[in-house]
Amino acid sequence: MPGKGDRGGKKEKPKDAKGTLLRILSYMRSYKYAVAFLCVCAMISNAGNLLGPNFAGQAINAAAAGEGQVDFDLVWYYARWMLIVYVGSNILSLIVNLLMMRVSRQVAKMMRNDVFDKLMKLPVNYFDRNQAGDIISRVSYDVDVVSTSLSTDVVQILTSIVTVVGSFVMMVYISPPLVCCMLITIPLSIWFTRRMSKRTRPLYSRRSAAYGTMNGFVEEMFSGQKTIVAYAYEDGVCDQFSQVNHEAADAYCAADGLGVTTGPTVGFISNLGLSLIGLVGALYYAFGIVDLGSISSFVLYSRKFSGPINEIANIMNEIFSALSAAERVFRLLDQPEEVEDIYGAVELKEKEVAGDVEADHVAFGYLPGKTIIHDLCLKAGAGQTIAIVGATGAGKTTIINLLMRFYDVDDGAIYVDGNEIRQVKRDSLRRSYAMVLQDTWVFRGTIYDNIAYGKENATMDEVVAAAKAARIHNYIMSLPRGYKTVISEDGGNISKGQKQLLTIARAMLYDTSMLILDEATSNVDTNTEREVQKAMRNLMKGKTCFVIAHRLSTIQNADDILVLDHGDVMEQGTHEELMEKRGLYYKLYASQFE
């Protein structure tokens with residue numbers, strides 16, 4: 001099978017920042033009225049904040065106009081209004097932030113639902129090519145980055161725009177000549193911000209990708225912790241993680257290290273403008289062109305004007321980070337799903353499937369030009385057991401992938417009850433099989449839930465019968481809560497053999513016409529294996545079975561045995577027939593019993 005890819009180590013630059021932003025905003029359509037309300041509240045809040053400096057200037061003029069006698073009533077009047085507008089503005093600002101936080105949480109929820117739904121529709125080859133940790137990173141970390149940006153950056157940009165425009169209007173109203181001092185530094189700030197954004201954007205893409213790589217590495221190491229300890233390779237894994245972690249830290253520092261310089265630099269440019277305003281304002285006041293209150297108000301408005309520009313410079317870095325994360329999420333959402341069933345595809349009825357399976361000159365390769373299965377021909381009559389044996393890498397699991405239509409054949413055809421499987425609806429085809437794999441899968445839930453997973457509305461009697469047949473009933477009853485015992489995540493509180501017996505019981509309960517066993521008894525002891533084999537033979541009468549086995553003693557009663565070597569069927573027949581030939585099967589069998 002193809003190796004893991006898309007490790008995310010290369011630098012990536014957002015290909016369509018505008019399109020990505022529009023897709024993020026499209027998630028907010030369901031909350032357009034709430035967003036409209038918070039926009040109005042934000043505008044009112046900022047309008048109140050813009051009135052504050054004007055009242056401050058009026059209070060200063062009232063205090064300075066009395067020639068020794070301060071009109072405290074008038075000063076208090078303006079001070080009171082200044083207090084009212086500031087308190088009211090901050091209350092509205094709090095409402096806006098709380099509302100936007102709720103909207104961002106809902107957007108994150110919708111994005112995660114979309115991602116998870118998409119993952120359920122992707123073909124198997126996507127998971128073969130991508131690390132589980134990288135996929136998890138897109139579902140968790142990248143969506144969190146987008147959510148955080150929505151809850152903070154959107155509100156800040158909205159308020160910043162209103163503040164900048166409002167402050168500029170007020171400054172023009174107070175003193176147009178002083179505005180010219182501001183216009184000297186504004187173009188410099190804009191130029192610097194745009195230049196820095198072009199440099200930081202690809203760095204944030206690299207940071208998100210590096211985090212995905214690190215998560216993928218950690219997930220792999222945790223899943224193989226026992227193997228690592230068994231080989232005493234802890235130091236080696238730590239060294240590897242240090243390298244991966246170092247690369248992630250470098251990506252983080254490269255992005256944020258450059259990003260954090262933007263705000264202070266723009267702030268420095270803004271302070272140059274403020275110094276110029278102070279110098280020119282002092283001259284205007286000395287010549288009586290502008291009164292003291294107007295200069296004070298203008299300085300306050302200039303700070304309100306430059307402050308949001310500094311914030312926007314910093315926010316832009318966060319937005320680029322969010323866009324990079326969103327692109328990774330949308331790249332997953334844009335992955336091609338499994339090819340839809342053709343028009344008029346046949347629906348296999350579970351209770352009516354006989355189980356006649358035929359492969360007619362099948363050829364297949366995971367990658368173009370690299371054929372694994374060259375010319376496979378097999379025929380399994382209803383109720384027959386077909387065993388597939390061969391060395392590692394011979395193509396045994398690939399045949400199962402083709403039977404289940406996880407992949408489509410490149411040449412030839414596979415038939416079930418005379419229906420070419422590409423003309424059959426996938427879900428009905430897959431429901432016709434029960435599977436027991438070597439890599440067992442159980443989930444956090446009760447033992448009853450795990451056994452009854454494949455059969456809707458399964459009764460306790462049916463579950464118990466399946467457990468007895470799988471020879472695990474006695475073990476279950478020895479537990480304090482029996483079938484209500486909760487299995488921890490990934491079955492950490494039971495042995496591998498017990499997990500495999502649970503999956504065997506699950507397959508026995510799942511009433512299908514065809515069964516796939518991929519080394520299904522590899523984790524049970526010899527005595528238990530014999531008992532399970534007897535139970536399987538009794539319960540699977542009349543069912544077509546495909547068995548992949550390395551223990552050749554377990555498939556001696558198979559109706560037909562296929563011996564694979566590098567994708568070719570080298571020998572085919574019953575156990576006795578193949579032993580008489582003294583060929584490849586004979587050598588494999590003899591090697592296990594010498």
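Accessible areas here come from the Shrake-Rupley method with a 1.4 Å probe, and for residues only the protein chains shown count as cover. On that basis the protein exposes about 30,400 Å². Carbon and sulfur atoms supply 57% of that area.

The model is predicted: local features need pLDDT of at least 70, side-chain atom pairs count only at pLDDT 80 or more, and totals for chains, interfaces and linings use all residues. Residues are numbered from 1 along each chain as its sequence is written, and side-chain values use heavy atoms, with hydrogens and water left out.

## Overall make-up

The protein has 19 helices and twelve strands. Both are DSSP runs numbered from the N terminus: helices are H or I with at least four residues, strands are E with at least two. Of the 594 residues, 46% count as buried. Buried means under 20% relative accessible area, exposed means over 50%, and partly exposed lies in between (1.4 Å probe, protein chains only). Contact means heavy atoms within 4.5 Å. Among contacts between residues at least 6 apart in sequence, 78% join residues at least 24 apart.

## Two helix pairs

Helix H3 spans residues 72–121 and helix H5 spans residues 132–174. Their axes come within 9 Å and cross at roughly 155 degrees. H3 is therefore roughly antiparallel to H5. Axes are lines fitted to C-alpha atoms, for helices over the stretch in contact, and angles run from 0 to 180 degrees between N-to-C directions. Angles under 35 degrees count as roughly parallel, over 145 as roughly antiparallel, 65 to 115 as roughly perpendicular, and the rest as oblique.

The crossing of H3 and H5 is right-handed. A crossing is right-handed if the near helix is turned clockwise from the far one by less than a right angle, and left-handed if anticlockwise. On the H3 side, the contact residues include Val 96, Met 100, Ser 104, Ala 108, Met 111, Val 115 and Leu 119. On the H5 side they include Ile 135, Val 139, Val 143, Val 146, Leu 150 and Val 154. The contact divides into 15 nonpolar, five polar and three charged residues. Nonpolar covers Ala, Val, Leu, Ile, Met, Phe, Trp, Tyr, Cys and Pro; charged covers Asp, Glu, Lys and Arg; the others, Gly among them, are polar.

H14 and helix H16 (residues 496–509) form another pair. Their axes come within 8 Å and cross at roughly 125 degrees. The two helices are therefore oblique to each other. H14 passes H16 in a right-handed crossing. H14 contributes Glu 462, Val 463, Ala 466, Ala 467 and Ala 469, while H16 contributes Ala 505, Met 508 and Leu 509. Seven of these residues are nonpolar, none is polar and one is charged.

## Buried residues and their partners

| Residue pair | Apart in sequence | C-alpha to C-alpha |
|---|---|---|
| Ala 345 and Arg 426 | 81 residues | 9.1 Å |
| Ile 315 and Gln 156 | 159 residues | 7.9 Å |
| Gly 573 and Ala 387 | 186 residues | 9.8 Å |

Ile 315 is found in helix H10. It is buried, with a relative accessible area of 3%. Not counting residues up to four places away in sequence, Ile 315 touches Asp 153, Gln 156 and Ile 157.

Ala 345 sits in the loop between helix H10 (292–333) and strand E1 (357–364). At 13% relative accessibility, Ala 345 is buried. Leaving aside neighbours within four places in sequence, Ala 345 is in contact with Gln 423, Val 424 and Lys 425.

Gly 573 belongs to strand E12 (residues 568–573). Its relative accessible area is 6%, so Gly 573 counts as buried. With residues up to four places away in sequence not counted, Gly 573 touches Asp 560, Ile 561 and Leu 578.

Ser 432 lies in the loop between helix H12 (426–431) and strand E6 (433–436). Ser 432 is buried at 2% relative accessibility. Beyond neighbours within four places in sequence, Ser 432 is in contact with Leu 348, Val 353, Thr 512, Ser 513 and Met 514.

## Positive phi in loops

Asp 417 has a phi near 50 degrees, a positive value in a residue other than glycine. Its loop lies between strand E4 (411–416) and strand E5 (419–420). At 26% relative accessibility, Asp 417 counts as partly exposed.

Arg 471 is not a glycine, yet has a positive phi of about 60 degrees. Arg 471 is found in the loop between helix H14 (460–469) and helix H15 (473–478). Arg 471 is partly exposed, at 40% relative accessibility.
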